[in-house]
2 protein chains.
Amino acid sequence: MAEKKKGGAARAEELAELCRLDNQLCFAVYSASNLITRLYRPLLEPLGITYPQYLVLLVLWEHSTRTVGELGEALGLDSGTLTPLLKRLEANGIVARKRAPEDERRVLVELTPAGQKLRTRAASVPIEMICKLRLPPEQAVELRDALKRLTRDLRALPEGNEG
Amino acid sequence: MAEKKKGGAARAEELAELCRLDNQLCFAVYSASNLITRLYRPLLEPLGITYPQYLVLLVLWEHSTRTVGELGEALGLDSGTLTPLLKRLEANGIVARKRAPEDERRVLVELTPAGQKLRTRAASVPIEMICKLRLPPEQAVELRDALKRLTRDLRALPEGNEG
DNA sequence: CGCCATTATATGGGGTGCAATGGAATCGCG
DNA sequence: CGCGATTCCATTGCACCCCATATAATGGCG
């Protein structure tokens, strides 16, 4: 099958292999992400939140007050995604939003008492998720770090250019 | 840092570490997926398609005719996602949809000539993407396979239960 | 002090992603 | 053959996700 000299047919074969979904890293990331979000749903639905909302809360449970921009930086999301999401959290009494007094452009997002309480109720979520994934810890760490490196490197060079 | 006997404080510390975004595999997958979709945009926009639409076309370029169910199986998407997506592809003249004569429940999705032509114009996309990712090939393969194993194992046991 | 560039969110629109539901076609058992 | 169960897709409703653009506040320069 494999030929030393790559004629047109061999090159076409190579291209076809690159195009197969099963061979694509990007599709593997895409479908894993969709699947993971589905796995979170039954864990988070009893708490009345979605996975992206849960991610926002993970940040706030650590810092209690963040601006929209800081949340966006931490999560890799823009204001077009975060603003309506935060409004829903606010409508559900989980966070409060107010303009920063010293800079009226910024919006401070902070936990309400209900949002603080959610932290306790959500304490088991990470462990339950780890159980669901059923990955040996060192494999999970390796996979996580590989993805983090990839994301970090890609964020460094957002525009296409030669190296 | 690490203590043999885990008191309440140590356990709380442990939980806090589990909750940090930087430590979470799931968030690493989530943000990598969002970022990858953003990276595809400038490559696919000139072709007039989105990344999920491109994934559908990758399947059709290999098989030329698939049912909605087969596409959903291959991509891990359901009819609620695929039906409107396929309608948009149809509206753009890239695919045609028709009921299968032998089983009127099924909808056959097939490429139009324009959809076939897109294959040539999109031929450089996988290579451009590989360049963007800047991962050593063996690392990309390793990462891809780890994600594929994860996805495969998770699809096997969709409902939560003890092992 | 006034004006312009910059910064921080908000808004609008298009395109997913998925659960829940509905409806038509087919299957299969009696 | 008849009829309920099943299969397949479409529809609905809600929640992202992001780009482009708008708007308001701030900062800086003359």
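A salt bridge here is a side-chain nitrogen of Lys or Arg within 4 Å of a carboxyl oxygen of Asp or Glu. By that rule, two of them cross the interface of chain B and chain A. The model is predicted, so to speak of local features takes pLDDT of at least 70, side-chain atom pairs count only at pLDDT 80 or more, and totals for chains, interfaces and linings use all residues. Residues are numbered from 1 along each chain as its sequence is written, chains are lettered from A in the order in which they are written, and side-chain values use heavy atoms, with hydrogens and water left out.

**View 1. The interface of chain B and chain A.** Chain B puts 59 residues into the contact (heavy atoms within 4.5 Å), and chain A also puts in 59 residues. The size of an interface is often given as the accessible area lost when the parts come together. Here the two chains bury about 5,500 Å² between them, with 69% of it on carbon and sulfur atoms; buried area is the accessible area (1.4 Å probe) that two parts lose on being put together, summed over both. Seven residue pairs, both members at pLDDT 80 or more, are in polar contact between chain B and chain A. A polar contact is a pair of N or O atoms within 3.5 Å; within protein, one must be able to donate a hydrogen and the other to accept it, and residues adjacent in sequence count only if both atoms are side-chain atoms. On the side of chain B that touches chain A, the elements giving two or more residues are helix 1 (8-19), helix 2 (25-44), helix 3 (51-63), helix 4 (68-75), helix 7 (125-133) and helix 8 (137-156) of chain B. Helix 2 of chain B gives the largest share of that side, 15 residues. Helices are DSSP runs (H or I, at least four residues), numbered from the N terminus.

View 2. Side chains of opposite charge can pair when their charged atoms come close. In this view, A:Arg20 and B:Glu62 meet in a salt bridge, 3.1 Å from N to O. A:Arg20 sits in the loop between helix 1 and helix 2 of chain A. Its relative accessible area is 27%, so A:Arg20 is partly exposed; the cut-offs are under 20% for buried, over 50% for exposed and partly exposed in between (1.4 Å probe, protein chains only).

**View 3. A:Gln24, in the loop between helix 1 (8-19) and helix 2 (25-44) of chain A.** A:Gln24 counts as buried because its relative accessibility is 7%. Its side chain reaches the backbone oxygen of A:Leu18 at 3.0 Å. Leave out residues up to four places away in sequence, and A:Gln24 touches A:Leu18 and A:Cys19, plus B:Tyr40, B:Tyr54, B:Leu58 and B:Arg144 from the other chain.

**View 4. The largest nonpolar core.** A nonpolar core is a set of buried Ala, Val, Leu, Ile, Met, Phe, Trp, Tyr and Cys residues joined through side-chain atoms within 4.5 Å. The largest one has 101 residues, and A:Tyr54, A:Leu147, B:Tyr54 and B:Leu147 touch the most other members. From chain A, this core draws at least three residues from each of domain 1 (48-122) and domain 2 (124-155). Zoom in on B:Leu147: neighbours within four places in sequence aside, B:Leu147 is in contact with A:Leu25, A:Ala28, A:Val29, A:Ala32, A:Leu143, A:Leu147 and B:Val29.

View 5. Chain A splits into domain 1 (48-122) and domain 2 (124-155), with bounds from an automatic or database domain assignment. Taken over C-alpha atoms, the centres of the two domains are 24 Å apart. Five residues of domain 1 and four residues of domain 2 make the contact. The pair buries about 310 Å², 43% of it on carbon and sulfur atoms. A:Tyr54, A:Gly76 and A:Ala122 supply 76% of the area that domain 1 buries against domain 2, more than any other three residues.

**View 6. Salt bridges within a chain.** Over all chains, the structure holds 17 salt bridges. One of them joins the side chains of A:Arg66 and A:Glu70 at 3.5 Å, N to O. A:Arg66 is partly exposed at 24% relative accessibility, and A:Glu70 is partly exposed at 34%. Another joins A:Arg106 and A:Asp103 at 3.3 Å; A:Arg106 is partly exposed at 43%, whereas A:Asp103 is buried at 15%.
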